[in-house]
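Here is a short briefing on one protein model. Please keep the structure open while reading.

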Amino acid sequence: MAGSSHGHTPAAWTGVTISFIGFCISGVFMVAANALGFWAGLVVALLGGVVGMVMKAAGLGMPKESEAMARARAEIGRAKSQGESGTAEVHAQPKAETQTQAV
């Protein structure tokens with residue numbers, strides 16, 4: 001998914017950030033044994049999801065993929081699975097090896 005820029009949009013970042021804050025609020029109030037604060041934090045977490053969806057509807061999310069792009073992506077995936085090369089070739093990067101020395 002890293003190659004598809006999955007979730008790298010203002011809508012995604014904002015929704016996840018608000019939800020994370022809501023879960024932190026709930027966690028603090030759960031430890032403090034305060035039920036009202038716990039539920040308020042969960043409301044904030046759900047609000048993050050709503051804000052993310054509203055921002056996506058406003059055009060700040062990832063655009064939908066066209067039918068032509070979906071077909072091209074499927075064709076490249078099929079070519080990769082069959083071992084064909086060409087434009088579907090994946091270039092592997094060598095792993096950096098680290099060595100530790102005893103001092």
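Helices here are DSSP runs of H or I with at least four residues, numbered from the N terminus. The model is predicted.

**Serine 26 in helix 1**
- Serine 26 is found in helix 1.
- Serine 26 has a relative accessible area of 4%, and buried means under 20%, so serine 26 counts as buried.
- A polar atom of the serine 26 side chain lies 2.8 Å from the backbone oxygen of phenylalanine 38.
- Leaving aside residues up to four places away in sequence, serine 26 touches Phe38, Gly41 and Leu42.

**Helix 2: span and start**
- Helix 2 takes in residues 35-60, 26 residues in total.
- From first C-alpha to last, helix 2 reaches 35 Å, close to the 38 Å expected at 1.5 Å a residue.
- At the start of helix 2, asparagine 34 brings a side-chain oxygen to within 3.2 Å of the backbone nitrogen of leucine 36.

**Helix 2: buried residues**
- Gly37, Gly41, Ala45, Gly48, Gly52 and Met55 are buried in helix 2.
- Helix 1 (10-31) is included in what covers these buried residues.
- Gly41, one of the buried residues, is also touched by serine 26.

- Methionine 53 has its place in helix 2.
- Its relative accessibility is 59%, and exposed means over 50%, so methionine 53 counts as exposed.
- Met53 forms a nonpolar surface patch with Leu47, Val50 and Val54.
- Together, these four residues have about 390 Å² of accessible area.

Terms used
Residues are numbered from 1 along each chain as its sequence is written. This is a predicted model: local features need pLDDT of at least 70, side-chain atom pairs count only at pLDDT 80 or more; totals for chains, interfaces and linings use all residues. Side-chain values use heavy atoms; hydrogens and water are left out. Helices (H or I, at least four residues) and strands (E, at least two) are DSSP runs, numbered from the N terminus. The expected span of a helix is 1.5 Å times one less than its number of residues. Buried means under 20% relative accessible area, exposed over 50%, partly exposed in between (1.4 Å probe, protein chains only). Contact means heavy atoms within 4.5 Å. A polar contact is a pair of N or O atoms within 3.5 Å; within protein, one must be able to donate a hydrogen and the other to accept it, and residues adjacent in sequence count only if both atoms are side-chain atoms. Patches are made of residues with over 30% relative accessible area and no salt bridge: like charges are joined within 9 Å, nonpolar side chains (Val, Leu, Ile, Met, Phe, Trp, Tyr) within 5 Å. Accessible areas come from the Shrake-Rupley method with a 1.4 Å probe; for residues, only the protein chains shown count as cover. A salt bridge is a side-chain nitrogen of Lys or Arg within 4 Å of a carboxyl oxygen of Asp or Glu.
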